[in-house]
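Dear colleague,

Please find below the structure that I am handing over to you. My notes on what was found in it follow directly after.

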Amino acid sequence: MLQIDHDCDYVVYVDADCLILDDLRAFIETCDAPYVDSYVSDRFRGRLHCGVHITRIDLVRRMAATEVPADDMKYVLRPESRLRNLAMKPMGVAKQFRNFDILHDHFQSYHHIFMKYALRELRSRTKDQGVRLRRSMDA
């Protein structure tokens, strides 16, 4: 997706397990942030930020030009997120968050959801992430 020569100001990356119920156009037309992560309503975890990522074109181009460090486990587990973080660092900018009416995991098969949670468990094998995962599972 980073090899596409976009002719736009913003690219909206949408995970396949999301259903956008809001018209995002007015927000995007007035937005000047390099990156906005969307809060969604997740069927199993409540309100959280994931699924719809609004990315300014200069950041998309930086992501495409960013070299991935060798043996980077963060890249293996979350390539888009890792490239975005590496590209944003020299820009000195931070991600912003915005609430939208978006459904996440509401219409996905339980088989696919199980696979996602298994991957999430693998991503959570650091001490801090393990604590967060256990708290989420207890809630």
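Aspartate 105 is found in the loop between strand 5 and helix 5 (110-123); here helices (H or I, at least four residues) and strands (E, at least two) are DSSP runs, numbered from the N terminus. Aspartate 105 has a positive phi of about 65°, although it is not a glycine. At 0% relative accessibility, this aspartate counts as buried. Buried means under 20% relative accessible area, exposed means over 50%, and partly exposed lies in between (1.4 Å probe, protein chains only).

Please note that this is a predicted model, in which local features need pLDDT of at least 70 and side-chain atom pairs count only at pLDDT 80 or more, while totals for chains, interfaces and linings use all residues. Residues are numbered from 1 along each chain as its sequence is written, and side-chain values use heavy atoms, with hydrogens and water left out.

Aspartate 71 also has a positive phi, near 55°, in a residue other than glycine. Aspartate 71 sits in the loop between helix 2 and helix 3 and is exposed, with a relative accessible area of 82%.

Salt bridges

A search of the whole structure finds six salt bridges, a salt bridge being a side-chain nitrogen of Lys or Arg within 4 Å of a carboxyl oxygen of Asp or Glu. One of them joins aspartate 37 to lysine 95, with the closest N and O atoms 3.7 Å apart. Because aspartate 37 lies in strand 3 and lysine 95 in the loop between helix 4 and strand 5, the pair ties together parts that are 58 residues apart in sequence. Aspartate 37 is buried at 3% relative accessibility, whereas lysine 95 is partly exposed at 31%.

Arginine 82 and aspartate 72 meet through their side chains in another salt bridge (2.8 Å, N to O). This pair links distant parts of the chain, with arginine 82 in helix 4 and aspartate 72 in the loop between helix 2 and helix 3, 10 residues apart. Arginine 82 counts as buried at 19% relative accessibility, and aspartate 72 is buried at 11%.

A further salt bridge is formed by the side chains of aspartate 58 and arginine 56 (2.7 Å, N to O). Aspartate 58 is partly exposed at 31% relative accessibility, and arginine 56 is partly exposed at 22%.

Nonpolar cores

In soluble globular proteins, nonpolar side chains tend to be buried together. A nonpolar core is taken here as a set of buried Ala, Val, Leu, Ile, Met, Phe, Trp, Tyr and Cys residues joined through side-chain atoms within 4.5 Å. The largest such core has 14 residues, of which Phe27, Cys31, Val36, Val52, Ile54, Phe100 and Ile102 touch the most other members. Strand 3 (35-42), strand 4 and strand 5 (96-104) are the elements that give two or more residues to this core. Strand 4 gives the most, with four residues. A second, separate core of 12 residues includes Tyr13, Leu59, Val60 and Met63.

Histidine 53 lies in strand 4 (residues 46-56) and is buried, with a relative accessible area of 8%. A polar contact of 3.0 Å joins its side chain to that of tyrosine 35. Such a contact is a pair of N or O atoms within 3.5 Å; within protein, one must be able to donate a hydrogen and the other to accept it, and residues adjacent in sequence count only if both atoms are side-chain atoms. Not counting residues up to four places away in sequence, histidine 53 touches several residues, including Val11, Asp37, Glu80 and Arg84; contact means heavy atoms within 4.5 Å.

Which residues of helix 4 (residues 79-88) are buried? They are Glu80, Arg82, Leu83, Arg84, Ala87 and Met88. Their cover includes strand 1, strand 3, strand 4, helix 2 (57-65) and helix 3 (73-77).

Arginine 62 lies in helix 2 and counts as partly exposed, at 39% relative accessibility. Leaving aside neighbours within four places in sequence, arginine 62 is in contact with Ala87, Pro90 and Met91. The C-alpha atoms of arginine 62 and cysteine 8, which are 54 residues apart along the chain, are separated by 15 Å.

With kind regards
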